Amino acid sequence: MLLLGCIKEVSDYELAVSLPNGLSGFVPATQISDAYSQLLTEQVAQGQLLEELNSLPDMFSPGTLVRCIVTSIEKRDDGSRSVKLSIDPKKVNKGLSSTALAAGMLLSGSVLSVEDHGYLIDIGVTGTHAFLPHQKAKNYIKAVKKGPDLKIGQNLNCLIVEVKNEGRVVCLSIDRSEVAASVATERQNWALSNLLPGLVVKARVQKLDPLGMKVTFLSYFTGIVDFMHMDPEKSTTYSPDQVVKACVLCVHPTSRAVRLTLRPPFLHAGGAPRQLPGQRMGAVLEEATVKAFYKQFGAVFELDDGTLAFARLKHLSKTRKSFKPGAFKEGCKHKCRIIDYSLMDEMCIVSLKHQIIEAQFLQYQDIHSGDVVQGKVVSLKPIGMQVKVAHGIRGLVPSLHLSDVILKQPEKKYNIGDEVKCRVLECNPGGKKLILTLKKSLIQSKLPVLSNYEDAKPGLITHGFVVCAREFGCIVKFYNDVKGLVPKNELGSEPISCPDKVFYEGQVLKVMVLKCEPQQERLLLSFRLSSKPGPEDKWKCTPKEKQEVKYQIGEIVDVKILKKKDNGLEVSILEDEDNVVAWIPTLHLSDFVATSKLLWHCLQEGDVLPRVMYLSDKGEHITLSRKSAVISAVQEEQIVRSFSEIQPGMLLTGYVRNVMPFGVFVEFPFGVTGLAPKVSMSDKFVTDTKDHFVVGQTVIAKVMSIDEEKQRVLLNLKVSECSSGDSAAESFALLNQYFKELKEIKNLLRRGEPSICELVPGKRVHLVVQDVREDGSALFSSSSVTGLTVTATRYHLGDKNIAPGEKRKAFVLHVDALTSEVYVSLREELLKQRP
């Protein structure tokens, strides 16, 4: 089937073409012309770029009309169809013979070669040589601005100026004014077997119908103009026997039906249809007015700016069963969304489907690097997983990004059809390329997204993933293919001799930017986050020598909070005339990780923290700790001040500095560190080290062995090995400390959130049902729980059927002060218990 199409998008490998009636198709790079295909083959065979081979974007521009022939229609996985096209003159002009060629004919041609006086053009007619003189091409080249010459494979709208030797030689013109003025006539002897789309003809109206009109042209041809292709300005003024200018849109080979258009931009050969303003794509319109409804096709709407839009039948309702024709009478108004634009119909394509109106993304241009998206697993392949993000938008999760760790058998974790939460690593709308990650540590990261080199300011801390670990260091990648180097001396606070044994490909780590050169796309990074603060963190420290004299590790001081930062508190040491500024990392506020986060949340600038211990002065500032167990260990001298003091069998109190797949690094006061290998981490079997320990956790470790030559300490973290004997006393001491800190937090909470302090597990409260969710859980409200989210799971509703607005008595199960969430139960067996 032959059609006239309009180029919508151009990529390196294919042309996306808009076809009549809201359809679209694709022209692969191998279907441009024989000469272009030959150059492609040569380039692949030689393995190097050929100078004479130009990319498709160098030769084609969106908005250009092209003649196409349908080569195949393929069915996709989701049931939709993909139309493959060709613009190769040998296929498009296959109905023409050399004897049928006549002056004034307009047809498609493709540049075959560049000669001294012009160009040899492939018009796809066997036995005919077509020549285009430079004089007849210069105005076109000047207007198109694609370079000083036409390029091999470039598709052209050619007008036959002269025919010689019975059609064996023809002279062509591509001059825009000559092409635009051409009209097909009876003298050119067009037949139904070779009639080409794009020809402009004079047609006579034969019969009018609500769905269009029937016309005759070139004496004995009949054709159809459907309702979408009448001139909207004149659609009500057409009458039988009226002569109109029309353009051939398509010719069907079997039914021999010819369809034409009366829309103005097509009535001059080589014209360009109107484009849709970029900001209109994806726009949601509250009121679109029905202009006409066609029960076999769909409905035409008038939009808020007076333009017309078309919605296909399947886009008028959620399902066929829910479709009500009565809602589409002329004048009815509906909410819709612009989902596409048909260049060939010069009409917006809209949808009334609720899920499309509410959809987060409609096209690749709507998606940006760093966006978190929901998708559905479409397929699992060796290179990775294909995920459907929205209708017509698919992304690839490379095998490296299927999990935080490398999955050997991803099919055991993921199934086709699974809903997955991903983060966008890279999006290239032009190439319709979308790369996603399923690494939880990247998806849940609250740190800034680094997607260009200009944003990589020194001091910036963000998450990246290792793509290469070698003897020189690690290469870390971020979003949009931004990457940088962590040199060997910046891999950690301790020297690492073999980075490839400590770091692995795909590992997600926090990194700090040290230096960036955006023009050269060079980025220098560090894994040592605290050693070199950024320009914002100007620490007002006294010189290092002065600090060392003034404060000793283990010294207890009181501090005042100056500033709250994402990962800690900037404080000033009280009763110090030099106003020394120090740093308490969030994880050093308590022995308990959850309590540390809660304390940070409750504390305010200006608060005084008593009894904080001087921990270290590494880097350029003082670090303090409020970990009770660590402070006790230092005060009771249950510590080692240097590597030489360590003995096997010692029990030492420290804190987790890093959790690696092979084990846990533990740091002790005075800077001594050790490694607890995976086998010595827990009494339970360890599959994933991250399931057992978190960075900042206070631990008691037993020294297993020491290697004096390599200055290494091996530790044991098994609870069964790390008890000093009186485990009951140790447990009660820990519990006592925990409740003491909770009491302190409660007092702090009373300042800003007094209602949360009154709620304790076991308390009975009167609540009002606010909402019942799809999963069966319920949401409550009450004057006593203002500003808090109160929920009960399906299980804790018992057998009660509840509805919004009802008053209910509930039992408080748990209060999460950090998220301001309260969990309650309505079960009778709990409510009956004595308070």
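This is a predicted model: local features need pLDDT of at least 70, side-chain atom pairs count only at pLDDT 80 or more; totals for chains, interfaces and linings use all residues.

I began at the interface of domain 4 and domain 5, where the rule finds three residue pairs in polar contact, both residues at pLDDT 80 or more. Next I checked the side of domain 4 that touches domain 5: its residues divide into five nonpolar, two polar and three charged. With charged residues on that side, how many salt bridges does the rule find across the interface of domain 4 and domain 5? It finds zero.

I then looked up the buried area. Domain 4 and domain 5 bury about 780 Å² between them, with 65% of that on carbon and sulfur atoms. Ten residues of domain 4 are in contact with ten residues of domain 5. I also noted the spacing: the centres of the two domains, taken over C-alpha atoms, are separated by 24 Å.

For bookkeeping, I wrote down the bounds from the domain assignment: domain 4 covers 555-630 and domain 5 covers 638-721. The assignment also includes domain 1 at 278-358 and domain 6 at 763-832.

Then I moved to some strands. β9 (residues 155-164) runs antiparallel to β6 (residues 106-114), and five bridges join them.

Last entry: the hairpin of β9 and β10. Four residues lie between the strands, and N165 takes a positive phi near 50 degrees.

Notes. Residues are numbered from 1 along each chain as its sequence is written. Side-chain values use heavy atoms; hydrogens and water are left out. Two strands pair if DSSP finds at least two bridges between them. Helices (H or I, at least four residues) and strands (E, at least two) are DSSP runs, numbered from the N terminus. Domain bounds come from an automatic or database domain assignment. Contact means heavy atoms within 4.5 Å. Buried area is the accessible area (1.4 Å probe) that two parts lose on being put together, summed over both. A salt bridge is a side-chain nitrogen of Lys or Arg within 4 Å of a carboxyl oxygen of Asp or Glu. A polar contact is a pair of N or O atoms within 3.5 Å; within protein, one must be able to donate a hydrogen and the other to accept it, and residues adjacent in sequence count only if both atoms are side-chain atoms. Ala, Val, Leu, Ile, Met, Phe, Trp, Tyr, Cys and Pro count as nonpolar, Asp, Glu, Lys and Arg as charged, and the others, Gly among them, as polar.
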